[in-house]
Amino acid sequence: MLIKLSGEALMGDRGYGLDPDFVSEVASEIRNAHQMGVQIALVVGGGNIFRGVSSSAVGMQRSRADQMGMLATVINGLALQSAMETLGVETVVQTALEMPKVTEAFQRDRAVAHLNENRVVIFVAGTGNPFFTTDTAAALRACEIDAEILLKATKVDGVYSADPVKDPAAQRYDRLTFTEVLAKDLKVMDLTAITLCRENALPIGVFSIYEKGALAAVLGGQPKATIIEE
Ligand code: UDP
């Protein structure tokens, strides 16, 4: 499976950057899931450090801003790799923007070989192209490695009809179709990512990374995620 972790998921309660304690907690959730015998790849975001679209809104050239955003995902991926290795899980980082002195470049077959060798693989630098998001990178990499599901880690335990933090009447969905997600304009992932998943019949699961044990519970078949499929 492929897990999409947003940069915010590594920020903990801080307003910016990385919280090392929280990164360790996330790493141990992933380690526990990995110990269940599941092959795990991850795509990490960079929004806790830099988001291209916000900087382009204040005058920075968008492609340049997006390059900075992609570099932010590399920082997050390396932090997570370090935390995973501290827990004794062999972990490889593959980047879509080549930087041979830091880590290996994305190469689909090598990524699959690493997964078959029981290594966790973290994909960083998104798709390597500006004007995309790491949600889209997650959908793309999940398709490339033939993942059975894309699990999107969020702050809440699934998809709601409205933001459950702001609206206590928000309704949680156990299951949704792609058509419903689009028709109701539910903010699961951006349209490019949703379309890619839909066209490739790749189910999405949305779960809370803030709830201890939720990831392992989802893998154990418990209804701890909203599942989106056709
Ligand atoms: N980004 C990009 N191309 C990609 C993926 C990401 O240019 O394929 C840049 C973009 O600027 C984005 C930033 O990297 O704002 C961080 O990614 P994202 O916003 O998806 O991170 P998240 O919200 O998941 O933390």
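The points below go from the sheet to the core, the ligand shell and a few single residues.

1. Basis of the notes. This is a predicted model, in which local features need pLDDT of at least 70 and side-chain atom pairs count only at pLDDT 80 or more, whereas totals for chains, interfaces and linings use all residues. Residues are numbered from 1 along each chain as its sequence is written.

2. Nine strands form an open sheet of mixed pairing, in the order 4-3-5-2-1-6-10-11-9; its edge strands, strand 4 (104-105) and strand 9 (175-176), each pair on one side only. Helices (H or I, at least four residues) and strands (E, at least two) are DSSP runs numbered from the N terminus, and two strands pair if DSSP finds at least two bridges between them.

3. Strands 1 and 2. Strand 1 (residues 2-5) and strand 2 (residues 41-44) run parallel and are joined by four bridges. Ile3 stands opposite Leu42 in strand 2, and Leu5 has Val44 as its bridge partner there. In a regular strand the side chains alternate between the two faces of the sheet. Strand 2 is covered on both faces, with Ala41 and Val43 buried on one side and Leu42 and Val44 buried on the other; a residue is buried if 20 or more other C-beta atoms, placed from the backbone, lie within 10 Å of its own, exposed if 12 or fewer, and partly exposed in between.

4. The core. The largest nonpolar core has 62 residues, and those with the most contacts inside it are Leu2, Leu5, Leu42, Leu80, Ile122, Phe123 and Leu150; such a core is a set of buried Ala, Val, Leu, Ile, Met, Phe, Trp, Tyr and Cys residues joined through C-beta atoms within 7 Å. Helix 3 (residues 62-86) gives the largest share of this core, six residues. Beyond its neighbours within four places in sequence, Leu80 is in contact (C-beta atoms, placed from the backbone, within 7 Å) with Leu10, Val23, Ala27, Val44 and Ile122.

5. The ligand shell. Of the 24 residues around the ligand, Gly45, Gly47, Gly52, Gly69 and Gly126 come nearest, a residue being near if its C-beta atom, placed from the backbone, lies within 6 Å of the molecule. Helix 3 supplies the largest share of this shell, six residues, while helix 2 (52-57) and helix 5 (134-144) each supply at least two. By class the shell has seven nonpolar, 13 polar and four charged residues, where Ala, Val, Leu, Ile, Met, Phe, Trp, Tyr, Cys and Pro count as nonpolar, Asp, Glu, Lys and Arg as charged, and the others, Gly among them, as polar.

6. Most residues other than glycine have a negative phi. Asn118 counts as exposed because it has 12 C-beta neighbours inside 10 Å, whereas Ala125 counts as buried because it has 29.

7. Ala137. This residue of helix 5 is buried, because 27 other C-beta atoms lie within 10 Å. Ala137 and Phe123 are 14 residues apart in sequence, yet their C-alpha atoms are 8.6 Å apart in space. Leaving aside neighbours within four places in sequence, Ala137 is in contact with Val43, Phe123, Gly126, Thr127 and Phe132.

Terms used:
Contact = placed C-beta atoms within 7 Å.
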